[in-house]
Amino acid sequence: MVSALDRKLLRDLRHLKGQLLAIVLLVTCGVTTFVGSMTMWRSIMRSQQDYYERYRFADVFASLRRAPETVARRLAAIPGVAEVQTRVVADAALEMPGFPEPVTARFVSIPCCGPPALNRFHIRAGRTIAPGADSEVVVSEGFATAHRLRTGDRVTAVIQGRKQSFSVVGIGLSPEFVYEIRPGDLMPDDKHFGILWTSRRQLEAAGDMEGAFNDVAARLEPGASEPEVLVAFDRELGRYGGLGAFLRKDQVSNRFLSDEIRQLKANAVVVPSIFLGVAAFLLNVIFTRLVSTQREQIATLKALGYSNLATGFHYAKLVALVAMLGTALGVLGGIWMSHAMTGIYAQYYRLPQYFVELPWRETVIACALSTTAAALGVFGAMRKVVRLPPAQAMRPEPPASFHPSWLERLGVDRVASAAGRMILRNVGRRPVRFALSSLGIGFAIAILVVGWFFFDALDFIVDYQFRNVQRDDAMVTFNVPLSRDAVGELRRTRGVLRAEPFRAVPVKLRSRHVTYRTALLGVDPSGELRRIIDYDTGPAQVPPEGVLLTSKLAEILRVHPGDTVTAEALEGRRPVREVLVSGTVAELMGVSAYMSLPAIHRLMDEGPSASGAFVSIDPDLERPVYARLMSMPAVSGVTLRTAALASFTGTSAEYMLFFASILVGFAWVIAAGIVYNSARVSLAERERELATMRVIGMTWIEVWLILIGELALQVLAAIPVGCLVGWGFAHLAASSVESDLYRIPVVILPSTYATSVAVVVAAAIAVGIVIRRRLRHLDMVAVLKSKE
Amino acid sequence: MAVQDVSAADARGAAVLAARGLTRSYRMGEVEVHALRGVDLDLFDGEFVVILGPSGSGKSTLLNLLGGLDIPSAGTLAYRGKTMDWSDAALTAYRRDQVGFVFQFYNLIPSLTARENVLLVTEISKSPMPAELALELVGLGDRLDHFPSQMSGGEQQRVAIARAIAKRPDLLLCDEPTGALDIKTGRVVLEVLDRIHRELRTTTAIITHNSAIAAMADRVLTIGDGLVVHVDHNARRVGAAELAW
Ligand SMILES: Nc1ncnc2c1ncn2[C@@H]1O[C@H](COP(=O)(O)OP(=O)(O)O)[C@@H](O)[C@H]1O
Ligand SMILES: [Mg+2]
């Protein structure tokens, strides 16, 4: 038997279904983003941990020129080192049939028999290479997918000038190359770069490495002193051309992945918190008003002998129902969202499997949060009613003040019509409610602004990075630093329009306790193909002396212009020098340290030389130029700007835009929901007043205008607030996404503000039309006969 | 010059409800409105009392205090010898278990039917009559499933009465039960109250500004300006049908 009070609940539910549905959707949106991105974050984090553990991802890495295998035993004997795996690594050009652009690959050796001790790979398809088989390779999944390689296909590589053919026996993944990125690049580029695993013997033979290695990975014992191990490694490997040992946290793929996970977490916290917070706020506002319209009914229940507890419980059920339904839908939405985002992620973070767990904890948090927010609204409103004896509470709430409102005192009413005066008086009498409703609408605008801001920002980044900073068509890197003649040779190649040398020196930069492994990039101060641009202040000059750091790097090293940093070169005679920080430049991508070419040569104690060159290419002669570049033995890699751009828009950008699209979609719902609720509650509160106006002869359009006028004022007031709050949210969101890889500048185009406002205004107009229908059907007599 | 009507108490046994010095004032901005200025009053078992007075004289304020709907600024109220402590719990229990209140503006829950409005009360009282019977008593046996918006003012008022009597209250308090009704409907409502009083012997107090109704009462209290200004005892009660309106 359903109690009469529960029946009231059911009827109220039916009566308020439009409003409640809007609230449910609000909660759904908040919970979806929260649960979706939390799940996503946890899933990737767990997948990473699991992968690293099961495939024995190493703790320490080091590259060197060449060391005899016996050195490995000395490395293994370093205190704290548990296990050592030496390898031969070689970069090579690949000839892919039917693909004219330059393709390079990194060959990584695997031991002749059995899986490697560390950095094992996961075979996705096919098999690993057979013991003793020399011309077999396992190809990384990203590269295989980009080129549709299958087992049985053949690839031709030019290793150290020698052409060799390999047969693909398997497709693989490795914890070392979750992010399959060419060293020095910012984005994976699967079409132009891949990882190939082949037998150690093969690589030893090809690279003049018999009985030697040029790359080593190690696992540490628990509790080992990492800094001491690194020092010991560098001591052992220094004389073999060691490029400096580094820890897992600095390993490129891991750093990108871990950065991404950190960012995901920030993303999962910041943006959904904004969302859930806004939803909670709106829930609070809406329920406060909803309960206020039932003021008399609550008082009656009390008068009939219902206790505060029983009455409170009645409304609590309403809240719980709405919050739980919203949460349930939100969890479903969140699961969908995490699956969709995982799909995007899986394209460039290659993990053998993604664990997607049901987000119980997040569900509980989200449910508790939305229920609490709604309950606070309800009980806040109820407290006002139950605090009064029923006889008082039954009387309609007295106007907030019997004095003329501030609006009237300002004399606003003197210029307005009777209808306008009613609107203004209503606003002036309940300024807090008006402000809260307005703020709610403002939030809808703000969320739209944040959503669209991501689109603006990415456009800005693309424009900045790929049109203003990088104006070269390709970056050509040499195997080893060469004399400037090599650049002259490039310049003389038919189809090459310009070639500007650069000198990249792997270094460790140190300032007090902070060390950062990066490359010093020496550029031609008069160069035109790669420019240094501060996204805030415009083009910057490489100083003739000292180093120009990106702001992010200066921040990491905690230095300011005028300070010095210690630069330890990991190449050539490995000089260690104090270098003046002559300035900083705020760039959007990567962390770099720039010097002028003469300065870097002085630092390295060397004559004019180049590690490579930026080139611009005649668009009509691209193919022959690529072919020529790849055939040069000195060239180890060619990075195309267009490929980097495509990679950027296809990876980070895709994910971010997906996220932003969801935000924008939800903002529509929020905008419509809050405006609709605001209008409906105004209607409910003022039914009698409006019916009276109808009775005394006003047309329903006139009555509608009075109702809509208030809504219009709310929206009007919401516009500046919404734009301002949106700007703030954008700053919050941008700083939460910041990483070594890229920064998001807070650029919001006027059109973004305009569109956001337009959407909310459109929602308000739609709601106005819906309300008009209700108003036409307003039963004047029923409303009037029931009361004094 | 307040008229006291507590002298005859001994003659009629213990009072169901005894008010002493009830005072109620409202703050309206800077001014203080004294709605009740010290009322002494007893209601006796089975009595039918009419409270007369012009609009604004404090009748509703008095009845709200007697019904536990409001808290006085000063004064005491004793129900069957027990002094009210004005705590929320005590007031709630008093309203639920002892008082049937008919509000001047009916105060039906709009989303509930006539029957459900009555059920709202019977579900939480100790020995109620069936909701259908209560509605039968007020002549609405055939309108059980109508919503308030589908009923006339008089019908809504009768639902409100049914809701008040269904719990078999010890005290029935009605605030202008005929105030918003025409003569014919008003008479029907009064007949209902009269009949219920006869059948259930419920102590009843009715507010009205219509002195014709006074003839129905055992006793008539006249309120003026927040005080009881006059008390009349009717030797013979007149049935609602015979009232000269
Ligand atoms: N909640 C209130 N706030 C302010 N004044 C009130 C309130 N309730 C009643 N009054 C005032 O108290 C006086 C008595 O009111 P009331 O008891 O309702 O009179 P009656 O029912 O006899 O018409 C009136 O002047 C009325 O305006
Ligand atoms: Mg009254």
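A salt bridge is a side-chain nitrogen of Lys or Arg within 4 Å of a carboxyl oxygen of Asp or Glu. By this rule, 56 salt bridges are counted over all chains. The model is predicted, so local features need pLDDT of at least 70 and side-chain atom pairs count only at pLDDT 80 or more, while totals for chains, interfaces and linings use all residues. Residues are numbered from 1 along each chain as its sequence is written, chains are lettered from A and ligands numbered from 1 in the order in which they are written, and side-chain values use heavy atoms, with hydrogens and water left out.

Chain A was described as a whole. Its C-alpha trace spans about 105 × 60 × 50 Å along the principal axes. Chain A has 25 helices and 22 strands. Helices (H or I, at least four residues) and strands (E, at least two) are DSSP runs, numbered from the N terminus. Of the 788 residues of chain A, 57% count as buried. Buried means under 20% relative accessible area, exposed means over 50%, and partly exposed lies in between (1.4 Å probe, protein chains only). Contact means heavy atoms within 4.5 Å. Among contacts in chain A with a separation of 6 or more, 82% join residues 24 or more positions apart.

The nonpolar core was examined next. A nonpolar core is a set of buried Ala, Val, Leu, Ile, Met, Phe, Trp, Tyr and Cys residues joined through side-chain atoms within 4.5 Å. The largest one has 230 residues. Phe287(A), Phe454(A), Ile744(A) and Leu66(B) have the most contacts inside it. Helix α7 (residues 252-292) of chain A gives the largest share of this core, 19 residues. Beyond its neighbours within four places in sequence, Leu66(B) is in contact with Leu17(B), Ala19(B), Leu22(B), Leu41(B), Leu77(B), Tyr94(B) and Leu173(B).

The contact between the two chains takes 31 residues from chain B and 28 residues from chain A. Together the chains bury about 2600 Å², 59% of it on carbon and sulfur atoms. Buried area is the accessible area (1.4 Å probe) that two parts lose on being put together, summed over both. Between chain B and chain A there are 3 salt bridges. Glu116(B) forms a salt bridge with Arg11(A), with the closest N and O atoms 2.5 Å apart. On the side of chain B that touches chain A, β1 (15-28), α2 (88-97), α3 (114-122) and α5 (153-165) of chain B each supply at least two residues. By class, this side has 15 nonpolar, 7 polar and 9 charged residues. Here Ala, Val, Leu, Ile, Met, Phe, Trp, Tyr, Cys and Pro count as nonpolar, Asp, Glu, Lys and Arg as charged, and the others, Gly among them, as polar. There are also 10 residue pairs in polar contact between chain B and chain A, both residues being at pLDDT 80 or more. A polar contact is a pair of N or O atoms within 3.5 Å; within protein, one must be able to donate a hydrogen and the other to accept it, and residues adjacent in sequence count only if both atoms are side-chain atoms.

Salt bridges also occur within the chains. Arg201(A) pairs with Asp134(A), the closest N and O atoms being 3.1 Å apart. Arg201(A) lies in helix α5 (residues 200-206) and Asp134(A) in the loop between β5 (122-126) and β6 (136-140) of chain A, so the pair ties together parts 67 residues apart in sequence. Asp134(A) is partly exposed, at 31% relative accessible area. A second salt bridge joins the side chains of Arg641(A) and Asp473(A) (3.8 Å, N to O). This pair ties together parts 168 residues apart in sequence, because Arg641(A) lies in helix α20 (residues 641-650) and Asp473(A) in the loop between α15 (431-469) and β12 (474-483) of chain A. In chain B, Glu199(B) and Arg195(B) form a salt bridge (3.6 Å, N to O). Both lie in helix α6 (residues 183-200), 4 residues apart, about one turn of the helix.

Two further residues make side-chain polar contacts. Tyr594(A) is in strand β20 (residues 593-596) of chain A and is buried, with a relative accessible area of 6%. Its side chain makes a polar contact with that of Glu587(A) (2.8 Å). His209(B) is in the loop between β8 (203-208) and β9 (219-224) of chain B. The side chain of His209(B) makes a polar contact with the side chain of Glu176(B) (2.9 Å).
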